[in-house]
Structure formats: C-alpha cells, structure tokens
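Biologist: I've got the structure open, and I'd like to learn how to read it feature by feature. Could you walk me through it?

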Amino acid sequence: MVVTIHGLDKKGSGQAEVWRKNELGNPKKLRLMIPQTLPGEKVRVTVDHPEKKRRKAMPDEIVEAHPERTDAPCPHFERCGGCVWQHWTYEGQLKEKTKHVRKAIEAEGFDPALVRDTIGMDEPWQYRNKMEFTFAPDGSMGLHEQGNFRKVISLETCLIASEQMVEAAMEVAGWVKDHELEGYNKDTHEGLLRHLMVRQSFATGELMLAVFSTQGPGGELQPAVDDLKARVEKKFPHVKSLLWMENTDWADRTQAEEIHLLAGRDYINDEMDGYRFRLWFDTFFQTNPVQAQKLVDLAVEMSEPKKKEKMIDLFCGVGTFSLPFASRVGKLAGIEIVESSIESAKRNAEDNGITNTYFLAKDARKGIDQVLESFGHPELLMLDPPRSGAGGKVMRRIGRSQPERIVYVSCNPDTFATDIKELEPFGYTLDAVQPVDLFPHTVHVECVATLTLNK
C-alpha cells in the first residue's frame, strides 16, 4: 500500500494512518511508524499483523520524496540506531528542531516567536567525544539496531565519532576477534564482554578506553588483557587511561563494581571555555564540545551576570557552567544530587584557582533552601536539568526564591515548556529561547532560555 507521512514521532520516525476493515467488516484505523521517511512523502509499505493498532513498517519504496531528502553517507544507517536523520539535509533537520521547540512552548501558552532559529554546526560530523559500544554474544561490537536493544549491529565505522575514537574502538574489536572472546548475552545473562566506552578530549587529545566485563582481568584471561595493553600502548600513545571494569549486574548500563587500571590514570584531562576538567569514566560532560561551548557562551551572554551578584547553579554536575559563571559573579553556589559530581566540581574549581564557589550535594529543592539560609538571596539562578526536567516542585521553589533573572539550559523542549509554565504565577516573563543543535542527525535539540522577574 502507499501511504502519506503526515508527521514525525518523538523518535524521528514518520507517522502515517490508514483505514482497514477488521474481521467484522468494520473500518479500523491503523497507525504506522515508518523509519527513514520525511513529512509529506508518499511511501510504499508492507504491513504485517494489521490487527494491531500501531505497527512499525519499513519503507519498501519512496514513491514521492521530500525535496530535502538526501543520501545517507554511513553504510550502517539503515540498521544502526545511532542516527535517525542522515537521510535529511542538515538544513532540513535544523528547521524541524526549531519547529519542535516552537510547538512545545506554544502548547503551554507562550509566544512561539520568542524561539530563534536553531544554531547548527559548520561540520555536523565526528562531533561526539564519547561513545558506548555494545558486544553481541558472538563477540562482535557495535551499536543497537533501530528499535531493538536485543540486537547489536556490528560496525566498521561511525561518522559521528572522531577518527581516533573509531580507530581505537576497531582495534579493540579486532583484539576480541583474535582471542575469540565471547560477548554478554542479555537473555541468559552469560558471557564475558559487555561494553566498550571510548571518550576523548578534543582540547587535549587524551583518550580513555574502558572495557566492561563480567569478570576481572586475572586468571586465564590475563594473557589476552596483557595483549590488549601492549596493542594500545604501541598504536595509541594518546590513550592516557585504559580501564578494565567489572560489572555483574543484570542492568544494561556502563557501571562498575570494581575498576582495574591497566595503563595510565583513571581519568583524562579536558578543557572548555579555558577551564580544565578531569573526566572519569562516569563523569557527565557535554558530548559535543564544539556546541557545548556555544551553550556556555549563550548562557553567559543572555543572562548578563554581574560581578557583585550572587548566583545559584542547579543541577551543576562537575561545574561545566559553574566555573565560567563564577569568574563573572561575586559568589556562586552549585547544587547537584550526585556526590561524585560535586567532589569533581570542587576539584575542578580548585584546579582552576576559583575560590568564590560553594558546592552542595543535595536534592535540588532541598538544596535551594539550604543555600538560601547560608548564602542569601541570588540575583541570578541557572538550571540545567536532565531530560525529565526539573519538575513542578523544584520550579515552584525557584519561583518563591525570586531571583531577578533565570537562565534555563534544556535538553528536552517538552519538559522545558512545562517547567517554565510553573514560573508564570510568580511573576516571570519568558524573554527568549535559543535552540542549539548538539546532536546532528538525531531528534534531540538543546535550548538556552532566559526569564525575567517583573518588578
């Protein structure tokens, strides 16, 4: 059948609707998710199991293509779940992301004209400084198949990671094959190798390799581990951290119960906005350093920090925004629930000679109360919450604290819109929203927004 794509879902797949007759002859609406299609396209699809209300269907033929359709350069695009929009021109992707942000805030009653055009990248490839690859049970390494976390697509390349990261990852994949090591089976919870994390500093060039396994490097495995160390030290002198991570938990996450340092140190050094940061395997740091710098620049420019002001940085992490702002305000308090991130933030401030910061490991809402008691009233408040947003309780607590200006950095336009709606009863006006594309060829978009208290 031929269907028309009327829109996109939250994962970037095309959406279509067709009417079919059920076994009684009555009309029934069938909703289709069709990956690798664009709005307005006419597509020929084959629908299996039409009795279900919602079905995923791969396109058999593009009957009428979108004018912004292009050929995907990656040989793995049709199966790999790492990117979903390589078939769309980059200009088209940026327009869609702007549209998404405008639609999200308009749904909450805000003027969509406040949203500026999305800032893209000059070179939207090889932008990621961190990748997490998965091992299949047969030992092959790659990324999950689109929509199927049980299947791993073996990779020969990855166009969104740096060349050095890909070369190092392929070396590890070759090492696994040479030693005939098995991967982890998520169904039986048996096997050895689970993940490979590769992260690199674009500023210093330092690279980290972390192999996640269900057992330690000793015993019969030690000769293979020694060979891995020898290969890496010979071919990749910029690898400053080689780690072997034990993880026996059933959860499919890059976590570790025990860390074995095979070579170098357990962290790498990175820089942003002229500040140095230490990155451990579990440190959250912006994945696209080029665009992350634009986020920092925009947050500073749009919020206009002043030397005598007090500032609170909610969800501060390791201090990515805290350090640049601290040099521009009188005092800064950072709040983050993850204790290891707070310890890193303190260390990063010390490494950079910053002495006007106070970091607190606490839940955001309770942390605000504690900071206000000891710190005083802030003129400026910033928040950079996770994709789930800050939530109504935190936003109302921010509203009651009455900072003069608020800068909100968001990685989810929908939760951003519902969050800032909570500030309206407290007298806040949305000034501007600037989307920034940190993840080209995916559906994700970040934004920086400012709100002002009406006096």
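Biologist: Is Asn129 buried or exposed?

Modeller: Buried means under 20% relative accessible area, exposed over 50%, and partly exposed in between, with a 1.4 Å probe and protein chains only. Asn129 comes out at 4% relative accessibility, so it counts as buried. A word on the ground rules: this is a predicted model, where local features need pLDDT of at least 70, side-chain atom pairs count only at pLDDT 80 or more, and totals for chains, interfaces and linings use all residues. Residues are numbered from 1 along each chain as its sequence is written, and side-chain values use heavy atoms, with hydrogens and water left out.

Biologist: Where is Asn129, and which residues is it in contact with?

Modeller: Asn129 is in the loop between helix 1 (90–106) and strand 8 (130–135). Helices (H or I, at least four residues) and strands (E, at least two) are DSSP runs, numbered from the N terminus. Contact means heavy atoms within 4.5 Å. Setting aside neighbours within four places in sequence, Asn129 is in contact with Met165, Val198, Arg199, Gln200, Phe202, Gln286, Thr287 and Pro289.

Biologist: Met165 is in helix 2, I see. Which residues of helix 2 are buried?

Modeller: Met165, Val166, Ala168, Ala169, Glu171, Val172, Trp175 and Val176. They pack against strand 8, strand 9 (141–145), strand 11 (193–200), strand 12 (207–213), helix 3 (222–235) and strand 13. You can check the helix length too: the expected span is 1.5 Å times one less than the number of residues. Helix 2 has 16 residues and reaches 22 Å from its first C-alpha to its last, close to the 22 Å expected. Just after helix 2, Glu180 takes a positive phi of about 50°.

Biologist: How do I read a pair of aromatic rings?

Modeller: A pair of aromatic rings is described by the distance of the centres and the angle of the planes. Rings of Phe, Tyr and Trp (its six-membered ring) pair if their centres lie within 6.5 Å; planes under 30 degrees apart count as stacked, over 60 as edge-to-face and the rest as tilted. That rule gives six aromatic pairs here. One of them is edge-to-face: Trp175 with Trp244, at 6.3 Å centre to centre and 90° between the planes. Trp175 lies in helix 2 (residues 163–178) and Trp244 in strand 13 (residues 239–246), so the pair ties together parts that are 69 residues apart in sequence. Trp175 counts as buried at 0% relative accessibility, and Trp244 counts as buried at 0% as well.

Biologist: What about Tyr408 and Phe416?

Modeller: Tyr408 and Phe416 also form an edge-to-face pair, 5.0 Å centre to centre with 75° between the planes. Both are buried. In strand 23, the bridge partner of Tyr408 is Ala449.

Biologist: And how do I read strand pairing?

Modeller: Strands of a sheet pair through backbone hydrogen bonds, either parallel or antiparallel. Two strands pair if DSSP finds at least two bridges between them. Strand 21 (residues 405–410) and strand 23 (residues 446–453) are antiparallel, paired over six bridges. They belong to an open sheet of seven strands with mixed pairing and the order 19-18-17-20-21-23-22. Its edge strands, strand 19 and strand 22 (428–436), each pair on one side only.

Biologist: Which strands does helix 9 lie across?

Modeller: Helix 9 (residues 413–421) lies across strand 21, strand 22 and strand 23, at about 160° to strand 21. Axes are lines fitted to C-alpha atoms, for helices over the stretch in contact, and angles run from 0 to 180 degrees between N-to-C directions. Helix 7 (residues 364–375) lies across strand 17 (310–314), strand 18 and strand 19, at about 155° to strand 18.

Biologist: Which residues of helix 6 are buried, and what covers them?

Modeller: The buried ones are Ser341, Ile342, Ser344, Ala345, Asn348 and Ala349. Seen down the axis of helix 6, they fall within an arc of 160° (taken from the directions from the helix axis to the C-beta atoms), so they line one face of the helix. On the other side of helix 6, Glu339 and Glu350 are exposed. The cover includes strand 16 (275–279), helix 5 (322–326), strand 18 (331–336) and strand 19 (357–361).
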